[in-house]
Amino acid sequence: MFAYYLDLAIRSLRRNRMLTALMVIAIAVGIGASMTTLTVMHLLSGDPLPGRSDHLFYAQVDGNPEPGNYHEPLDKLDYRSAVDLWSAKRADRQAIVAQSPVRLNQPDSTKPALRLTMLSTTSDFFAMFAVPFRYGNPWTAQDDERRSRVAVISDDLNAKLFGGANSVGKTLRLRNNDVRIIGVLAPWRPSPQFYQVAGGRFAQGDTADYYTRPEDVMTPFETGLEVNDGNFQQFTCWHLPSRPGHLQNSDCAWLGLWVELGDASKVTAYRRFLDDYAQQQKILGRIVRPQNTRLRSLMQWLDYNGVVPSDVRLQTWLAFGFLSICLFNTIGLLLAKFLRRSGEFGVRRALGASRHAVFAQCLVEAGVVGLLGGFGGWLLTLFGLWMIRHQPVPFADLVHLDTSMFAVTFVLAIATSLLAGLLPAVRASRVAPGLQLKTL
Amino acid sequence: MNIMPILSALRRHKITSMLLIMEIALTCAIVCNAVFLITLRIERVHTPSGIAEKELTVVRLAAVGESGDEYARVQADMAALRQIAGVEQVASVGQVPFGGSSQNTGIKLDPDQKLPTASTTVYYGENILNTLGLKLVEGRALMPEEVVDLRSVSEALKNNDLKAMPHVAVITKALAQRLWPGGHALGKTFYLSGGAPLQVVGIVEDLVRPRIFEFSEGHFSIMLPIRLPQNYYVLRCAPGDRDRVLSQALKRLKDLNPDRVVLIKQPWETFREHYFEDDRAMAGLLAGVCVALLVVTSLGIVGLGSFWVAQRQRQIGVRRALGATRAQILRYFQVENFLLATMGIALGMVLAYAINLFLMVRYELPHLPGFYLPVGALALWLVGQLAVLGPARRAAAVPPVVATRAT
């Protein structure tokens with residue numbers, strides 16, 4: 001029966017090509033617009049570490065020196081608090097993160113120096129965030145302690161400097177200090193660059209920068225502070241540091257602390273530990289808002305920072321508004337098409353076809369329109385994504401159509417057309433056989 | 001023309017009419033809001049900066065930091081830059097308008113105040129006012145002899161030595177009005193966290209922040225006479241001279257110290273361009289969506305119009321046979337479309353306000369000004385009339401003889 005309806009549908013669609021084209025274009029454009037934005041939403045709002053993110057937490061104590069009634073602690077930690085909490089080792093794993101711009105060159109090369117971003121962190125970082133390695137290994141806890149002059153570099157930088165060859169053992173010069181490469185990452189592109197996210201509540205929805213690539217050079221935390229001294233940026237300071245860019249023992253918040261906690265009891269215990277630490281620091285007079293500690297899970301932290309740019313959200317709403325207009329358009333056109341063929345349906349009914357049969361026939365026809373529209377929508381989506389890849393946004397390189405979104409394109413197109421076909425099909429199936437035959 | 005017959009004919013096509021009305025309503029609502037968003041973005045792209053935009057060139061070098069006296073080098077650099085032919089003014093400044101990253105702080109009128117009165121950005125540096133071409137409304141600019149090094153300010157802060165700190169500042173008019181509404185700001189004092197009282201010695205017309213966090217505070221800036229080791233050099237010269245001045249500046253800076261990386265070397269407008277890149281892209285996208293929506297809607301009108309004309313061939317023939325002119329038939333379909341569009345537009349305005357309310361809540365957008373509605377209405381009436389013209393002309397071409405044929 002389905003094959004017969006399909007044949008009828010194709011015949012009917014061929015008969016009035018203009019109307020068919022209008023319907024297909026309407027659906028294709030609607031699907032193209034909504035799938036383009038939906039794909040971007042999907043890529044930007046996803047979990048950067050599926051399976052692991054539930055166990056990762058961002059720890060905050062409030063270093064703000066004024067006893068005001070702010071409800072949220074500062075987004076970052078001062079050096080003392082971060083190092084205290086980190087060295088207590090109360091979590092399964094813990095990592096401090098600090099970012100700074102650094103000048104890099106190769107000691108034996110005449111190439112001009114590069115200006116890159118450097119991540120200074122502690123050894124657990126790589127295991128915690130499942131960072132993939134192509135060559136070599138991460139540094140160890142001993143390297144953290146000894147402030148070893150070692151570095152891990154990104155796949156991009158390795159390609160740029162060493163043509164993708166194994167560069168473990170080579171030397172890089174960071175400002176005026178030599179460090180030895182001990183590891184090279186495999187391509188790693190978390191979306192967003194979650195471990196550096198902070199301050200989203202002040203960003204007014206302008207959060208596209210959270211989707212930049214990970215840093216190209218990574219060094220042990222204290223090593224980084226030594227080699228790039230004077231180049232660190234504060235999140236905020238309550239007193240000017242005596243030397244700009246040198247933030248140890250300054251009244252500045254500038255460090256992030258991530259912890260991994262395997263189960264719920266560990267989370268509770270760590271919360272208590274944070275509270276106790278804040279209380280103890282209050283007694284020492286260093287913290288004045290001990291009540292303001294937070295331990296958000298990775299996804300909660302991203303949510304709190306509103307990482308998906310508001311422009312992207314707005315575009316998604318817009319696209320669905322667009323799709324709904326295309327839907328109304330298609331309903332109208334299908335209705336026109338089916339009602340025009342009342343005579344044909346009357347004959348079928350008079351020859352014994354049930355209402356269900358006519359209804360099914362109409363829906364198959366609508367479905368075929370949806371399939372064609374889906375195909376057009378897929379092409380338009382690819383075009384839309386290509387456009388976004390050429391936009392000056394940090395997440396441009398992330399944008400692609402994955403299999404799931406490819407499937408969603410066609411599902412959405414057919415669902416839309418079936419929805420559009422519903423009302424016209426009901427109307428067509430109600431055609432009274434006798435009445436139509438008379439006018440034939 | 002009597003519209004009653006048209007209305008009664010539409011009543012017999014309730015569903016199709018409703019669909020068309022809904023489509024027009026949604027289009028009207030979305031187009032009104034999209035056009036409103038576009039104008040907001042365009043307004044933002046043209047945010048005034050208060051500076052002599054076309055005359056400025058900006059250079060930034062990577063901090064080397066290891067060797068020598070950074071503060072002395074800043075002074076040497078500036079002296080060298082001043083000697084370039086055509087350069088009128090040179091400034092050293094910690095941040096640039098629309099440069100993106102900024103130094104911000106809270107301002108207090110009373111040192112014991114708990115919460116700051118306003119949040120402002122601070123332009124540290126020397127010779128900023130003259131170089132950026134700011135318009136002085138009252139008072140005077142900061143003097144070269146008032147400039148102190150950041151390290152001595154830090155030292156003074158540590159020792160609580162109020163005398164060694166700067167005690168004069170120039171602020172923008174917008175900030176002056178926030179701090180002392182309606183009052184006289186010149187000569188008044190204010191406090192930044194932990195510092196000495198700062199006296200307002202000058203007020204400038206405008207100086208935008210490097211990055212606008214809060215729209216209402218976008219022009220809250222102060223200038224302090226503090227020399228920074230990590231800075232931007234801003235050069236002012238005639239617009240046509242900028243390329244030459246830039247290459248000479250780079251050469252001179254390189255001669256002074258070849259071991260530096262040039263981070264930024266561009267005319268100032270590049271900052272504005274980059275800062276508003278997203279807004280321009282979004283405005284373009286919204287405009288594209290508006291056009292696409294109107295096209296889709298007009299295609300819908302064409303489709304339904306053709307269907308109705310085909311369906312009513314016989315009636316049209318009868319009307320023609322009874323004496324109706326072609327013009328009357330044409331007018332019939334045009335009026336019909338006008339009625340449908342009007343109903344759609346009426347509904348669309350309600351929807352437009354609903355969408356605007358939603359956007360106000362979710363994206364903190366302002367209220368949709370009333371004049372967008374007639375603009376949207378006009379656009380849809382126009383699109384409707386254009387779209388229906390084809391089918392209506394086909395209807396007018398139906399010959400009276402059709403009435404005698406059985407269909």
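Where in chain A is the place of P192(A)? P192(A) sits in the loop between β7 (177-185) and β8 (217-220) of chain A. This report covers that site and several others in a predicted model.

Most residues other than glycine have a negative phi, and most peptide bonds are trans.

## Chain A as a whole

Chain A contains 14 helices and twelve strands. Its radius of gyration is 30 Å, while the globule rule gives 22 Å for 440 residues; chain A is therefore more spread out than a compact globule. The C-alpha trace of chain A spans about 95 × 55 × 35 Å along its principal axes.

Buried residues make up 47% of the 440 residues of chain A. Among contacts in chain A with a separation of 6 or more, 78% join residues 24 or more positions apart.

## Two helices of chain A

Two packed helices are described by the angle between their axes and the distance between the axes. In chain A, the axes of helix α1 (residues 2-15) and helix α12 (residues 355-389) come within 9 Å and cross at roughly 60°. Because of that angle, α1(A) is oblique to α12(A). The crossing of α1(A) past α12(A) is right-handed.

On the α1(A) side, the contact is made by F2(A), Y5(A), L6(A), L8(A), A9(A), I10(A), S12(A) and L13(A). They meet A360(A), Q361(A), V364(A), E365(A) and V368(A) of α12(A). By class, the residues of this contact between α1(A) and α12(A) are ten nonpolar, two polar and one charged.

## Chain B as a whole

Chain B has twelve helices and 13 strands. The radius of gyration of chain B is 33 Å, well over the 22 Å that the globule rule gives for 407 residues, so chain B too is more spread out than a compact globule. Along its principal axes, the C-alpha trace of chain B spans about 105 × 50 × 35 Å.

Of the 407 residues of chain B, 41% are buried. For contacts in chain B with a separation of 6 or more, residues 24 or more positions apart account for 84%.

## Two helices of chain B

α2(B) packs with helix α11 (residues 326-363) of chain B at an angle of about 45°, and their axes are 7 Å apart. The two helices, α2(B) and α11(B), are therefore oblique to each other. α2(B) passes α11(B) in a right-handed crossing.

Residues of α2(B) in this contact include L20(B), I21(B), I24(B), C28(B) and N33(B). Among those they meet in α11(B) are L340(B), M343(B), G344(B), L351(B) and N356(B). The contact of α2(B) with α11(B) has 17 nonpolar residues, five polar residues and no charged ones.

## Two loop residues of chain B

F98(B) has a positive phi of about 60°, although this residue is not a glycine. F98(B) is in the loop between β2 (89-93) and β3 (104-107) of chain B. A residue is buried if 20 or more other C-beta atoms lie within 10 Å of its own. F98(B) has 24, so it is buried.

C237(B) lies in the loop between β12 (232-236) and α7 (242-256) of chain B. With 21 C-beta neighbours inside 10 Å, C237(B) is also buried. Leaving aside residues up to four places away in sequence, C237(B) touches E55(B), G86(B), V87(B), E88(B), R242(B) and V245(B). The C-alpha atoms of C237(B) and G284(B) are separated by 34 Å, and the two residues are 47 apart along the chain.

## Where the chains meet

In the interface, 44 residues of chain B are in contact with 41 residues of chain A. On the chain B side, the elements that give two or more residues are α2 (14-45), α5 (150-159) and α9 (277-311). α9(B) gives the most, with 17 residues.

The side of chain B that touches chain A is made up of 27 nonpolar, eleven polar and six charged residues.

Terms used. Residues are numbered from 1 along each chain as its sequence is written. Chains are lettered from A and ligands numbered from 1 in the order in which they are written. This is a predicted model: local features need pLDDT of at least 70, side-chain atom pairs count only at pLDDT 80 or more; totals for chains, interfaces and linings use all residues. Axes are lines fitted to C-alpha atoms, for helices over the stretch in contact, and angles run from 0 to 180 degrees between N-to-C directions. Helices (H or I, at least four residues) and strands (E, at least two) are DSSP runs, numbered from the N terminus. Angles under 35 degrees count as roughly parallel, over 145 as roughly antiparallel, 65 to 115 as roughly perpendicular and the rest as oblique. A crossing is left-handed if the near helix is turned anticlockwise from the far one by less than a right angle, and right-handed if clockwise. Two residues are in contact if their C-beta atoms, placed from the backbone, lie within 7 Å. Ala, Val, Leu, Ile, Met, Phe, Trp, Tyr, Cys and Pro count as nonpolar, Asp, Glu, Lys and Arg as charged, and the others, Gly among them, as polar. The radius of gyration is taken over C-alpha atoms; the globule rule is 2.2 Å times the number of residues to the power 0.38. A residue is buried if 20 or more other C-beta atoms lie within 10 Å of its own, exposed if 12 or fewer, and partly exposed in between; C-beta atoms are placed from the backbone.
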